[in-house]
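Please have the model open while reading.

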Amino acid sequence: MANDASAVSDARSPAVSDNPLADPFSPSADSALWRKNFLLGAATASYQIEGAVNEDGRLPSIWDTFSATPGKVLAGDTGAVACDHYHRWEADIDLLVSLGLEGYRLSIAWPRVMDAAGVPNRKGLDFYKRLLNRLKEKGVTTFVTLYHWDLPQHLEDRGGWLNRDTAYRFVDYADLMSRELAGTVDAWATLNEPWCSAYLGYGNGHHAPGLADGRFATQAMHHLLLAHGLAIPVLRANDPASQKGIVANIGRGTANSGSAADQRAAHLFEVQHNAWILDPLLKGAYSRDLFELWPGTEPLVLDGDMQTIAAPLDFLGINYYFRTNVASDGGHGFREVPLEGVERTQMGWEVHPDGLRDLLTGFRSTYHNLPPIYITENGMASDDKVIDGHVDDTQRISFLKRHLAAVDQAIKAGVDIRGYFLWSLMDNFEWAFGYERRFGVVHVDYSTQKRTVKRSAELVAKFLKERKARI
């Protein structure tokens with residue numbers, strides 16, 4: 001894993017321009033972003049935008065349960081209505097197309113498409129068929145994630161991802177979806193961010209289902225990755241023309257000093273955030289360092305599991321948001337040491353585009369079978385407000401420019417990166433933070449459901465129009 005021996009010296013991210021709108025989003029003339037085959041799109045997730053949680057046969061998910069539990073989500077918010085995308089999907093697709101975005105990454109709500117006995121729910125399936133057919137009619141490249149955290153509650157009641165059987169139920173789900181939607185999906189991702197599902201859901205309780213035990217986290221991760229590996233050949237058989245992959249969130253860890261202990265702490269941070277997922281996928285084994293960090297948490301692994309998990313991938317989705325500065329905790333772990341004087345987002349996350357470049361180039365050196373990469377999420381939250389009909393999200397504009405420049409630098413260093421998806425198309429339900437944090441390039445007034453295109457989206461649309469004209 002990549003580590004930074006001079007974390008203190010490079011700790012200060014470039015300051016936001018005093019007036020980024022005077023220097024609008026526009027990649028350099030030699031940027032790979034001008035390539036015809038470099039895909040630029042936006043991403044969303046089912047529970048965060050769809051709403052309609054009790055309509056047309058949809059079953060409860062773990063996030064319905066979790067968000068209805070007092071104290072779990074900021075302000076008591078839930079995804080019951082969200083962006084009402086279930087009813088407004090046609091207008092939302094028209095909005096996506098009007099911005100010139102070439103790709104759309106969405107997820108399917110598992111509880112919407114089949115019942116507890118595995119019987120298909122036709123109304124739920126028809127919703128996604130209409131959605132995907134319209135996207136294809138509009139010429140939009142479709143990336144579909146099967147699992148973006150909304151596990152059916154009836155499966156959690158039987159143990160959720162702690163129960164190996166959930167991996168087999170996931171294969172049933174993947175089989176149904178890839179048979180029903182074959183030909184409308186350009187790329188399938190089995191899972192979104194298994195680190196979050198395992199660690200935040202079962203390790204520290206910050207996300208649904210709200211359990212907190214280190215052993216739970218590693219066992220849940222193993223079953224998540226097993227579900228992925230078991231589903232890949234099914235997806236290949238049912239929809240051979242599409243790409244198959246998985247989406248991982250990655251974290252950059254830098255050391256608070258040059259001491260050996262702090263350097264080791266930064267390494268262990270990246271083992272926990274990156275190697276925990278990527279080593280099984282690309283090396284067929286868990287990092288031994290992971291269990292130095294979490295002794296006694298080794299999951300139950302059956303014969304053949306690791307070979308299944310390491311099924312060849314057509315692409316790897318990478319989600320990146322921030323870096324974390326760490327120091328040794330005096331034992332076998334790390335502790336965060338927040339840096340002062342750095343730029344942060346509404347989430348409190350440090351803006352550090354160099355971390356994305358460094359991780360991508362480091363992965364190329366570490367994993368010799370690294371598949372082609374799509375940046376499947378990158379973006380930031382800010383407290384955006386509509387003023388006189390406009391949203392001038394100046395920090396986001398600067399953020400996107402710098403992160404896209406980092407992607408370009410990684411491509412020029414030899415990393416095979418084929419596209420980039422903004423997170424997110426629109427403001428939405430931000431999990432445990434409810435509706436306070438706004439990640440969209442389109443503003444959503446949750447009281448009226450009015451969409452307002454932000455300045456960042458206008459500038460991305462302007463670039464895409466210029467690129468189309470140039471090509």
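## Cavity definition

A cavity is a set of grid points where a 1.4 Å probe fits but cannot get out. Its volume is the space filled by probe spheres set on those points. The model examined here is predicted.

## Cavities

The count comes to four cavities of 30 Å³ or more. The largest cavity holds about 60 Å³ of space. The second largest cavity has a volume of about 50 Å³.

## Largest cavity

The lining consists of I62, W63, Y147, W149, W161, C196, S197, Y202, H207, A208 and P209. Helix 2 (62–67) and helix 8 (194–203) are the elements that give two or more residues. Helix 8 gives the most, with three residues.

By class, nine residues of this lining are nonpolar and two are polar. None is charged.

## Second largest cavity

Here the lining is F25, L40, G41, L101, L404, Y420, L422 and V460. The lining divides into seven nonpolar residues and one polar residue, with no charged residue.

## Cysteines

The structure holds zero disulfides. C83 is in no disulfide, and its nearest cysteine sulfur, that of C196, is 19 Å away. C196 is likewise in no disulfide, with the sulfur of C83 as its nearest, 19 Å away. A disulfide needs two cysteine sulfur atoms within 2.5 Å.

Are these cysteines buried or exposed? C83 counts as buried because its relative accessibility is 0%. C196 is buried too, with a relative accessible area of 8%. C196 also belongs to the lining of the largest cavity.

Note on methods:
Residues are numbered from 1 along each chain as its sequence is written. This is a predicted model: local features need pLDDT of at least 70, side-chain atom pairs count only at pLDDT 80 or more; totals for chains, interfaces and linings use all residues. Side-chain values use heavy atoms; hydrogens and water are left out. Buried means under 20% relative accessible area, exposed over 50%, partly exposed in between (1.4 Å probe, protein chains only). On a 1 Å grid over the protein atoms alone, a cavity is a set of points where a 1.4 Å probe fits but cannot get out, and a pocket is an open set with protein on both sides within 12 Å along at least five of seven lines; lining residues have an atom within 4 Å of a point. Helices (H or I, at least four residues) and strands (E, at least two) are DSSP runs, numbered from the N terminus. Ala, Val, Leu, Ile, Met, Phe, Trp, Tyr, Cys and Pro count as nonpolar, Asp, Glu, Lys and Arg as charged, and the others, Gly among them, as polar.
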